Amino acid sequence: MHQESDARPTKMRLIDAVLSLWADAPADSISVRALVQQAGAAQAAIHYHFGDVEHLFAEASATALDRAKGWMEARLAALGGLAGGECATGLQASLIASTIADWTGGERRLAMAARLVPGAGWQAAWDDFWTQLAALVGLGAHAPTLAAFAAGESARHLLVWNPPLDRALLEETAAALVLWLTERRFAPDPVRAAHQRLALAGYARPAPRHDDALAASIAQAAAELLAGEGHAGVTFRAVAARAGVTLGKVINACGTKSELLRGALHRLYEREALGGDAERFVARSFPPEVVLGHLLEAVLAGQPVLRAYDEIERAIYNGAEHADLRGVVRSMEDLSGAWALQQMLGSQVPPAALVAAFSAVIRGIGSRVVHGGYSQGDLRSHALMELQPFAPSEQWQDAGFVKSPR
């Protein structure tokens with residue numbers, strides 16, 4: 001099993017083991033024991049070469065970043081012949097979608113490293129890559145938006161549920177964005193409706209062992225901890241304290257840490273995707289500049305909903321037991337995003353595909369806020385540029401927009 005790996009230095013075997021486990025293993029199965037078994041090395045080798053596991057993870061991410069830069073250079077070289085030419089809208093959308101698909105599929109180890117151990121170096125490389133790619137395909141004026149969209153959409157496309165439908169959904173979302181960027185027109189979105197219908201048909205909520213009310217209380221507490229403190233914050237003791245029940249009741253209701261996390265993930269998904277009240281959004285209306293202000297304030301402050309989505313995705317990227325959840329999360333509706341985009345567009349009702357593209361941009365902005373290493377002023381400037389295409393009204397110039405030519 002390790003014949004090829006054994007020919008490489010132990011240090012590199014450990015780094016590659018980390019990248020392989022990030023790419024393919026369930027989040028709660030990644031351990032020191034799993035690492036050394038994957039690498040065919042002794043546990044002491046981690047301390048000898050890296051000091052501790054955290055430094056091993058950091059060096060694995062740095063190695064992945066170097067490899068990613070090589071992939072980015074090769075992709076730009078392959079598209080170099082497009083420079084200075086005319087790119088039809090369909091070709092632009094296809095190239096954006098295929099680039100995201102190739103990154104998250106063919107380079108899954110690198111893409112997962114960028115998701116799980118990101119940082120300012122990753123953000124700078126990503127921005128530079130999409131700036132150059134956008135120019136090659138004739139969308140240079142929208143490079144900031146495309147970089148944010150590609151970051152958010154890549155995070156989604158790493159959720160593999162039904163590969164043909166997932167790819168069709170990616171292409172439809174990219175097409176919706178490009179049509180809006182270039183022509184300010186809405187695109188049809190039949191793939192999203194089909195994806196949602198089929199994913200929901202296969203979705204199974206975990207059945208409680210005993211008391212439904214107790215199980216709901218525990219799941220809610222675990223979901224709140226997952227959204228607020230991440231995967232590591234969901235412990236039996238912390239959940240018991242949050243739910244106001246005894247530790248024994250949590251252990252009896254859930255049995256294992258895996259069951260506890262699964263309940264938290266499903267509750268978090270249902271809270272965000274199925275628990276929304278569409279009527280409360282429809283009943284509220286604000287001028288575009290007010291919505292922009294609220295949106296910027298929420299995202300730049302590290303919006304809890306964005307953290308919740310992030311934690312859901314990180315926990316379910318791998319593992320057969322999460323397959324049905326990956327499906328529904330991949331195409332979940334964003335009621336708050338739909339409402340915000342409608343307000344920004346002057347009450348036009350956007351199709352779900354454009355809402356998904358807008359949500360991906362917001363996710364990309366949120367990732368920059370947490371991992372990009374920018375000041376608040378620079379973050380705000382970037383966010384304004386990234387959101388500019390969704391703000392056609394002159395009213396938005398007061399917020400700092402300079403309208404790009406159509």
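Arg184 is buried in this predicted model, with a relative accessible area of 18%; buried here means under 20% relative accessible area, exposed means over 50%, and partly exposed is what falls in between (1.4 Å probe, protein chains only). Arg184 sits in the loop between α10 and α11 (190–201), and has a positive phi of about 55° although it is not a glycine. Helices here are DSSP runs of H or I with at least four residues, strands are runs of E with at least two, and both are numbered from the N terminus. Residue numbers start from 1 along each chain as its sequence is written, and side-chain values use heavy atoms, with hydrogens and water left out. Because the model is predicted, local features need pLDDT of at least 70 and side-chain atom pairs count only at pLDDT 80 or more, while totals for chains, interfaces and linings use all residues.

Zooming out, the protein chain has 22 helices and zero strands. Of its 406 residues, 51% count as buried. Contact means heavy atoms within 4.5 Å. Among contacts in the protein chain with a separation of 6 or more, 74% come from residues 24 or more positions apart.

Now for the helix pairs. Two packed helices are described by the angle between their axes and the distance between the axes. The axes are lines fitted to C-alpha atoms, for helices over the stretch in contact, and the angles run from 0 to 180 degrees between N-to-C directions. Angles under 35 degrees count as roughly parallel, over 145 as roughly antiparallel, 65 to 115 as roughly perpendicular, and the rest as oblique.

By class, the contact of α9 with α10 has six nonpolar, three polar and three charged residues. For this sorting, Ala, Val, Leu, Ile, Met, Phe, Trp, Tyr, Cys and Pro count as nonpolar, Asp, Glu, Lys and Arg as charged, and the others, Gly among them, as polar.

Helix α2 (residues 10–24) meets helix α7 (residues 108–116) at an angle of about 85°, with the axes 8 Å apart, so α2 and α7 are roughly perpendicular to each other. From α2, the contact takes in Asp16, Leu19, Ser20, Trp22, Ala23 and Asp24, and from α7 it takes in Arg108, Arg109, Met112, Ala113 and Leu116. Six of the residues in the contact of α2 with α7 are nonpolar, one is polar and four are charged.

After α3 comes Gly40, with a positive phi near 65°.

Helix α13 (residues 236–243) and helix α14 (residues 247–254) cross at roughly 115°, and their axes come within 8 Å. That makes α13 roughly perpendicular to α14, and the crossing is right-handed. Phe236, Arg237, Val239 and Ala240 in α13 meet Leu247, Val250, Ile251 and Cys254 in α14. The contact of α13 with α14 has seven nonpolar residues, no polar ones and one charged.

Cys254 is also buried, with a relative accessible area of 10%, and Cys87 is buried at 14%. With a disulfide taken as a pair of cysteine sulfur atoms within 2.5 Å, the count comes to zero disulfides.

Asp324 lies in helix α19 and is buried, with a relative accessible area of 13%. Leaving aside residues up to four places away in sequence, Asp324 touches Gly202, Tyr203, Ala204, Arg262 and His266. Glu333 is in the loop between α19 (323–330) and α20 (335–344), and is partly exposed, with a relative accessible area of 47%. The C-alpha atoms of Glu333 and Val355 are separated by 8.6 Å, with the two residues 22 apart along the chain.

Key: A crossing is left-handed if the near helix is turned anticlockwise from the far one by less than a right angle, and right-handed if clockwise.
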